[in-house]
Amino acid sequence: MTEQNKMIANDSASVTQHDDRVKEMYCEECANHGDGYSTAVAFCVDCVEYKCVTCLKYHKRETQTHIIQDRKKMPQSFYFEKCSTHPQQLIKFYCSVCSKEACQICKDNEHVNCRDVNHLSTLASGIQKSKDFKDLQQNLDKLYADIKDTEKLLNVKSEVVDKQEEKATETCKEHKDKLFKAFKQLHQDLIEDFNMKMKETIERLKKERLELVEELSEKDRKFKNKITKAETDMKEQVASTNTNFKVLRSEHLYLVKNLKVLTSDLDQAKKLGQNCELFIKLQLAKQMCETLTTKY
Ligand SMILES: [Zn+2]
Ligand SMILES: [Zn+2]
Ligand SMILES: [Zn+2]
Ligand SMILES: [Zn+2]
């Protein structure tokens, strides 16, 4: 294990022995020839392959011009993922043109015309010190700071919005209460107004009734008086007529009686020839006849 990877391994308790970063790179040549796993001690830049001590020794003999990186200089970020299309092959390359990972077979087949296909571990080795990574980190830091600011701003705004909402709800409630109260008062007033009018109308009708009763009573009294007076007048008239009649009758009877006596006296005086007597009686009879003729 390299110093760097040991450092990473000890860095966090969560990093286990199964973590790819703590695995030792093995000799690809041995692995490809089915000779099991041997610890890699160097990397051939030209062949893009890690080599064990033995394979490196023979490789140096065969290919003296190949650039070899020793254990300290060889790419340290090992990637143990296998190709999804070729499960036996390690993913060793990255094509920047296609933005895709590739194994050796993929590289030879799909990216043969791509200009920018590089060894993934070599690309990754300087990543932490690279400008791209630093820029990205800076951007991320800035973005994070922006997000924090935005979050703060949102929190403040959220508080404002909450307060506004609270206030709006309160205002709405107040307004609603006021409206309900006013509406209720209006109805109450209308009912009271009606009650007042009803009371006044009843009072007026009672007064009118009283006046009518009084008026009718007065008329009744006057009518009774009139009738009573008429009755009395008639009775008096009848009584008076009766009295006059009785007086007249008695006078008549008296006159008739006197006339009979006089007639008898006249007959007597005629029979006896008493002419002076006859003369006087004749004058009396004439007067009596005159009286009876004018009166009756
Ligand atoms: Zn080997
Ligand atoms: Zn080589
Ligand atoms: Zn592949
Ligand atoms: Zn490509």
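Rings of Phe, Tyr and Trp (its six-membered ring) pair if their centres lie within 6.5 Å; planes under 30 degrees apart count as stacked, over 60 as edge-to-face and the rest as tilted. This is a predicted model, in which local features need pLDDT of at least 70, side-chain atom pairs count only at pLDDT 80 or more, and totals for chains, interfaces and linings use all residues. Residues are numbered from 1 along each chain as its sequence is written, and side-chain values use heavy atoms, with hydrogens and water left out.

View 1. The structure holds five aromatic pairs. Tyr-50 and Phe-78 form an edge-to-face pair, because their planes stand at 80°; the ring centres are 5.5 Å apart. Tyr-50 belongs to strand 2 (residues 49-51), and Phe-78 to the loop between strand 3 (68-70) and strand 4 (93-95), so the pair ties together parts 28 residues apart in sequence. Strands here are DSSP runs (E, at least two residues), numbered from the N terminus. Both Tyr-50 and Phe-78 are buried (under 20% relative accessible area, with exposed over 50% and partly exposed in between; 1.4 Å probe, protein chains only). One aromatic cluster includes Tyr-50 and Phe-78, along with Tyr-26, Tyr-37, Phe-43 and Phe-80.

**View 2. Lysines over rings.** A charge sits over a ring if NZ of Lys or CZ of Arg is within 6 Å of the ring centre and within 35 degrees of the ring normal. The charged end of Lys-57 sits over Tyr-58, 5.8 Å from the ring centre. Lys-107 has its charged end over the ring of Phe-93, 5.1 Å from the centre.

**View 3. Two cysteines.** Cys-55 is buried, because its relative accessibility is 15%. Cys-276 is exposed, at 66%. The model has zero disulfides (pairs of cysteine sulfur atoms within 2.5 Å).

Definitions and conventions: Chains lettered and ligands numbered in written order. Helix = DSSP H or I, 4+ residues; strand = E, 2+ residues; numbered from the N terminus.
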